[in-house]
Amino acid sequence: MATPPPVGPVIPASPRRGVFASFEVSQFRWVFASNATFFLGMGGQQVLRSWLVFRLTGSELSLGLISAMVAIPMLVVAPFGGSIADRRDRRKLVAFGQSIVVVGEAVTLLLLVTDRLEFWHLLVMSLIMGTSFPFIMPARQAIVANVVGRARLTNAMALNMAAVNTTRIVGPAVAGFLIGAIGVELAYGLNVALYVLAVLALVRVRPAPPTESASLQSFRSNLAEGFAFLGRDRLVLVLLFFGLVPMFLVMPFQNLLVVFTEDVWQVGPEGLGIMSAAAGAGGLIGAVLVASRRDSRGRLRPMLLSTLAFGLFLFLFAISPWYLLGLPLVLVANIFASYYSAMNSTAVQVLIPDEVRGRVSAFLMMSFSLPLLGTLPVAAIAEVVGAPAAVAGASILAVLLGFVFVASSKTLRGMDARLQSAIRANAGATGAKAM
């Protein structure tokens, strides 16, 4: 398979090889600020919406339905959103999608303040967000690649994931505290303000127009090329599925945390916020570990070991009879989950050429949306056997499937050699351009 050409602007190799090397690029700092603010709002929303849904319904299945309303449109719309991201200005596309989220959240806040909010309203809002994400997320990832280039891409992607997981610490913890301190209405209003700030931060980001070849193609040809690329590059396709298999079964536990804190341990919204923050802290640590590693080291073995560790610690979390024991267990579990996810995502981004980056990023996002859809069957099982048993069983099955996947895929076992070839070829091409 041919090595993809260099991506992004020609930026000399960074003299700083530490965790924060990508911050030398000013445009990345603004993209990072917008991403961090947007995901801070999402982190708070995770607690606010879960708490509202469980208060309105008292049902685990309702939590699964909310996740499904996000996942289904992501699966359907993602290929189209990725194709549009390769044909339109990516900055404008992100701003448009985030503006839709702002409007939808503002309407939800109005219904909440006027005491008219019902469960079906939250379902509709989740559907709107699920439809917006396929336009926001691929364009976001493509912008990062545009502004830092492939040489810094692993570092930049890991820093973005670190920001996401930092917001998963701060957002849920603050939202859980604010529900008890100032009420859910004011807490929700502050969360909407964060989404507004995320849109405003994009003003300082330069336009990110599509490549000339992508803009000249018809929409149908553009979309077909994305599928054709996956057909040609078997490793990218395998990595997309490898990122899905364990996560489909185990990541639904994030949406069931409210069941553990309300029904199993009975620690209230503050306990939910702290538990969600612990999960986010683990995710942050895992992403920082990826950001600080060198690309010369192999990826497959640590990815496989992190899958095993994630499943083990999540199993122990699920069967824990005590809240205070569950906190460190969920933190450690998410260290390995984040490490696995960041390694998989950056491997895909290193391998793909820029002209199809938005479309392949959309397929990558589809693999992230399926775990949201996985919440529905796990939640349905939890409704019958309880959340602890459902999560524990899913964690065991995920580990088994992960090992079967690696054992059966020769392409995946050759991943490390292919990645090193792509990194070396890009470094040489970038150096030649810079001369």
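Does Phe96 count as buried or exposed, and at what relative accessibility? At 52% relative accessibility, Phe96 counts as exposed, where exposed means over 50% relative accessible area, buried under 20% and partly exposed in between (1.4 Å probe, protein chains only).

## Ground rules

This is a predicted model, so local features need pLDDT of at least 70 and side-chain atom pairs count only at pLDDT 80 or more, while totals for chains, interfaces and linings use all residues. Residues are numbered from 1 along each chain as its sequence is written, and side-chain values use heavy atoms, with hydrogens and water left out.

## The whole chain

The chain has 17 helices and 0 strands; these are DSSP runs numbered from the N terminus, with helices being H or I of at least four residues and strands being E of at least two. Of its 435 residues, 59% count as buried.

Now for the contacts, meaning heavy atoms within 4.5 Å. Take those between residues at least 6 apart in sequence, and 88% of them join residues at least 24 apart. The accessible surface comes to about 17000 Å², and carbon and sulfur atoms own 70% of that. Those areas come from the Shrake-Rupley method with a 1.4 Å probe; for residues, only the protein chains shown count as cover.

Together with Ile100, Trp120, Val124 and Ile128, Phe96 forms a nonpolar patch on the surface, with about 450 Å² of accessible area in total. Helix 3 (90-113) and helix 4 (119-148) are the elements that give two or more residues to this patch. Helix 4 supplies the largest share, at 3 residues.

The patch rule takes residues with over 30% relative accessible area and no salt bridge; nonpolar side chains (Val, Leu, Ile, Met, Phe, Trp, Tyr) are joined within 5 Å, like charges within 9 Å.

## One salt bridge

A salt bridge here is a side-chain nitrogen of Lys or Arg within 4 Å of a carboxyl oxygen of Asp or Glu, and the count comes to 1. The pair is Glu105 with Arg49, whose closest N and O atoms are 2.8 Å apart. It links distant parts of the chain: Glu105 sits in helix 3 and Arg49 in helix 1 (residues 26-57), 56 residues apart.

Are these two partners buried or exposed? Glu105 is buried, with a relative accessible area of 0%, and Arg49 counts as buried too, at 6%.

## Around helix 10

Helix 10 covers residues 257-264, and its buried residues are Leu257, Val258, Val259, Phe260 and Thr261. Just after this helix, Gln266 takes a positive phi of about 55°.
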